[in-house]
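Subject: Structure handed over, with notes on helix packing and burial

Dear colleague,

Please find below the structure that I promised to pass on. My notes on it follow directly after.

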Amino acid sequence: MDRQLLSAIAHYDHPIAAPISAANLDRLLRRAALPEGARILDLGCGEGEWSLRALELVPSARADGVDISPHAVASANEAATRRGVADRLTLHTSPADAFTAPQPYDLGLCVGATHAFGGLTETMEALARFVRPGGLALLGEAYWERPPTPEVAEAIGEYPDLAGTVEAAESKGWLTVYAHVSDLAEWDEYEWSWTGTLARWAADNPGPDGEQALAVMREHRDMWLDGYRGALGFVTLLLRRV
């Protein structure tokens with residue numbers, strides 16, 4: 001099994017695919033106050049939940065979702081059809097850094113996918129190419145609440161603290177106009193969903209695939225419970241292009 005399929009399975013019960021509750025996701029989108037006929041771009045859209053909720057909140061909006069995983073794109077397409085917004089969501093199976101568009105967007109999303117552009121500052125540069133002047137971006141990024149052990153930092157990655165994350169996000173002509181900092185309950189809901197869904201799938205699919213899924217789940221759960229739980233934070237910034 002490829003890792004993209006394992007990730008799609010793990011996110012089945014938590015399609016938001018970030019440590020954020022549905023209520024707080026909606027609150028962020030409402031704070032964006034998108035205009036009628038808004039154009040939305042979701043880079044690294046995964047199962048498309050952020051775009052789907054935005055389209056439900058603004059019935060005249062249209063969105064483009066971009067993701068490298070065909071499994072995630074297929075799930076997003078099924079969800080869009082089921083929820084009656086497939087005619088307003090165009091999905092692209094493509095690396096986010098290879099996507100181009102002829103017209104600017106009112107809102108650009110990149111949640112948990114800054115690695116696609118090589119980091120946070122590079123992501124903000126990319127969003128500036130897509131979002132119109134005065135438009136908005138929703139950027140979801142991890143940061144360290146406290147310094148991690150060297151072993152955890154090597155496994156998870158190098159991140160600044162919250163202040164450093166905001167500074168980096170604003171360094172390319174953006175201004176933070178709102179934000180949500182995920183709490184431990186949101187993290188736990190995300191992680192227990194991720195590991196629990198994968199564990200249940202492994203139990204229902206005995207054999208080499210199930211064994212691989214179980215091994216990935218255990219490795220992830222051990223790193224979470226023994227490594228970054230309570231140390232790794234997540235912030236979603238609503239930024240305006242100025």
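**Burial and helix contacts**

Thr 197 counts as buried, at 7% relative accessibility, where buried means under 20% relative accessible area, exposed means over 50%, and partly exposed covers what lies in between (1.4 Å probe, protein chains only). This is a predicted model, in which local features need pLDDT of at least 70 and side-chain atom pairs count only at pLDDT 80 or more, while totals for chains, interfaces and linings use all residues. Residues are numbered from 1 along each chain as its sequence is written, and side-chain values use heavy atoms, with hydrogens and water left out.

Thr 197 lies in helix H8, which spans residues 184-204; helices (H or I, at least four residues) and strands (E, at least two) are DSSP runs numbered from the N terminus. The side chain of Thr 197 makes a polar contact with the side chain of Asp 13 at 2.7 Å, a polar contact being a pair of N or O atoms within 3.5 Å, of which, within protein, one must be able to donate a hydrogen and the other to accept it, and for which residues adjacent in sequence count only if both atoms are side-chain atoms. If residues up to four places away in sequence are not counted, Thr 197 touches Ile 9, Ala 10, Tyr 12, Asp 13 and Trp 192, contact meaning heavy atoms within 4.5 Å.

Ala 10, one of those partners, belongs to helix H1 and is buried, with a relative accessible area of 1%. Leaving aside neighbours within four places in sequence, Ala 10 is in contact with Ser 193, Trp 194, Thr 197 and Leu 198. The C-alpha atoms of Ala 10 and Ala 213 are separated by 9.2 Å, although these residues are 203 residues apart along the chain.

The two helices can also be taken as a pair. The axes of H1 (residues 3-10) and H8 come within 8 Å and cross at roughly 105 degrees, the axes being lines fitted to C-alpha atoms, for helices over the stretch in contact, with angles that run from 0 to 180 degrees between N-to-C directions. H1 is therefore roughly perpendicular to H8, a description that applies from 65 to 115 degrees, whereas angles under 35 count as roughly parallel, over 145 as roughly antiparallel and the rest as oblique. H1 contributes Leu 6, Ile 9 and Ala 10 to this contact, and H8 contributes Ser 193, Trp 194, Thr 197, Leu 198 and Trp 201. By class, the contact of H1 with H8 has six nonpolar, two polar and no charged residues.

Helix H3 (residues 49-57) is mostly covered, as seven of its nine residues are buried, including Glu 49, Trp 50 and Arg 53.

Ala 17, in the loop between H1 and helix H2 (22-32), has a positive phi near 60 degrees and is partly exposed, with a relative accessible area of 28%. Ala 33, in the loop between H2 and strand S1 (39-43), has a positive phi of about 50 degrees although it is not a glycine, and is exposed at 57% relative accessible area.

With best regards

Note on methods:
Ala, Val, Leu, Ile, Met, Phe, Trp, Tyr, Cys and Pro count as nonpolar, Asp, Glu, Lys and Arg as charged, and the others, Gly among them, as polar.
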